[in-house]
Amino acid sequence: MNFARLGSFALAAALWLADASAATTPAPAAKPAAPAESGGIAWYEGNVDAAFQAAKKSNKPVLLYWGAEWCPPCKQLKSAVFTRSDFIEKSKLFVDVHLDGDLPDAQKWGDVFRVTGYPTVVVLKPDRTEITRIAGNMDLSLYASVLDDALADVRPVTDVIARAVKGDAVLSAVDCRRLAYHAFDLDDEGVFDPAQLEAAFTNAARLCPADLAKERVRFGFLAAAEAAARQKTSLEKGGKADKPLTVLILRVNELLASKELALANADAVRGLPTEFYLAARSTLPQVAPTLRDRVMAVADAATVNPQFAPADQLAAQLVKIRVAKAYAPDGRVPTDVRSIALATAQKMLDVQMDPYVRAGVVNSAENIYIALEDKERLGALMAQEAKTSNTPWYYIGDLADVEEELGHKTRALELMAEAYRIAKGPASRFQWGFNYLSGLLRMAPDDTPTIEKVGASVLGELNGPNRVHRRTLSRLNKLDKALKEWNTTPARAAVVAKFRSSVTVACNKSPGDAAVQNGCRSFGAPVTAAN
């Protein structure tokens, strides 16, 4: 089912700039946020280059928020964090830049800062080198202090990781907090080796100052998540945990016994993957029931704790669903867990709230319905939100996915076409156009004329300066794979050749890095067509 959503946001404070010369193209203006969006933050009104020049003159770091108008986690970030008085006050110590992904050249800046997912908040030194990334879903009171740590220590987080991996000296409080709250899930794949992170977290749990009890507990959860992910394939096949993971399972069970500290790290508990619970069940059956009950208790406590944003309160029910599935022999969610999750979602959806807050809650409810395979509730929710949202294409596209899952191909394609028709902004139009074209290839592969017409329109969205970059390339790669499978006749080969020409034209207007250029060259490469 292709409609999983990030049920939360992350403040990502960011990525490195490999070479400052990469940013020599004209910069887009940083979008001035409307009052409802800004939450009181004084966003810089010049372009990105000018913002860094201002940062250099004032000797301030840059806090760059990268998001999109339609993105529910972005709206949650704005409503839950950008409106907090403590965060607003700390933001005055930075040059604050709001960059919308649909602005001219915005996708090129995504390549420069090596960010693709919305939302990401990039904290950079005036010379554009990375300082850190900050994890999301946290206790809301933590965000301002995390900015304090970024101001106090401008070393790249890679240096902090190296020190923790070495493990031969006590870590400072600042090192520990930076390591604990960095958003490693938003780092580029390959930047941090999972085994390296596992070692860093394991060491930090013993090397951090004793008075950082919350962070020391957090490292136990983070290390266990990395260890379980490392064994994902074998655990999914019924294998047992290796010795390091077995030790960590026992440790996590002990940490969960401290309800207050476990709740303070509810986001890290939520990050424990399914394979962690599979490992507990298969390797330590005598411990697994207690572990299950303790995780469930933390999730229930997080659901009603006002220190978490409403969307994250509701998303805590997803933890219960994940655990229940992992523990069930048939993989089905027990009736009691299902009923509580559904009732909690409905209760929160019934509350009148700010539209930005509601967007996050709807996103969490959507994920709950997906996890429970409740297509009826999911479809009804998406249809309802499409009527009231200022970015209805987001929900119409998700409703199309529901209809496709139900086997209603004609209706699904109608909805995909509508979402594409009304989507706004070049990057967003390509995203929803890609969804429509991909849907045609799956559900109406014999309708070559429509595929050709829609494909020409969708790829035409890229025919402008700096529109083919990493975020776009990920979809072009998926489209290329689908077209290779579809390209089975001379008539289809002719269509693919036209698409290839369109992409080549667009790529020539978007000089990117080697990965982008290689992707451009390989798109639609000729294949042998059937006779």
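Me: If buried means under 20% relative accessible area, exposed over 50% and partly exposed in between, with a 1.4 Å probe and protein chains only, are Trp70 and Tyr118 buried or exposed?

Reply: Trp70 and Tyr118 are both buried. This is a predicted model, in which local features need pLDDT of at least 70 and side-chain atom pairs count only at pLDDT 80 or more, while totals for chains, interfaces and linings use all residues. Residues are numbered from 1 along each chain as its sequence is written, and side-chain values use heavy atoms, with hydrogens and water left out.

Me: How many aromatic pairs are there?

Reply: The structure holds 16, where rings of Phe, Tyr and Trp (its six-membered ring) pair if their centres lie within 6.5 Å, and planes under 30 degrees apart count as stacked, over 60 as edge-to-face and the rest as tilted. One of them is formed by Trp70 and Tyr118, an edge-to-face pair at 5.8 Å centre to centre with 75° between the planes.

Me: And where do those two sit in the chain?

Reply: They link distant parts of it, 48 residues apart: Trp70 is in the loop between β1 (62-67) and α3 (72-80), and Tyr118 is in the loop between α5 (106-112) and β3 (120-124). Helices (H or I, at least four residues) and strands (E, at least two) are DSSP runs, numbered from the N terminus.

Me: What about Phe82 and Phe87?

Reply: Phe82 and Phe87 form a stacked pair, 5.8 Å centre to centre with 25° between the planes, and both are buried.

Me: Which residues cluster with Trp70?

Reply: Trp70 belongs to one aromatic cluster together with Trp66, Tyr118, Tyr394, Tyr395 and Trp432.

Me: Switching topic, what does the side chain of Gln76 contact?

Reply: Gln76, which lies in helix α3, is buried because its relative accessible area is 3%. Its side chain makes a polar contact of 3.2 Å with the side chain of Asp312; such a contact is a pair of N or O atoms within 3.5 Å, where within protein one must be able to donate a hydrogen and the other to accept it, and residues adjacent in sequence count only if both atoms are side-chain atoms.

Me: Last one, in what order do the strands of the sheet run?

Reply: The open sheet has 4 strands in the order β2-β1-β3-β4, with mixed pairing, and two strands pair if DSSP finds at least two bridges between them. The edge strands, each pairing on one side only, are β2 (95-100) and β4 (130-132). Between β1 and β2, which run parallel, there are 6 bridges, and Val62 has Val95 in β2 as its bridge partner.
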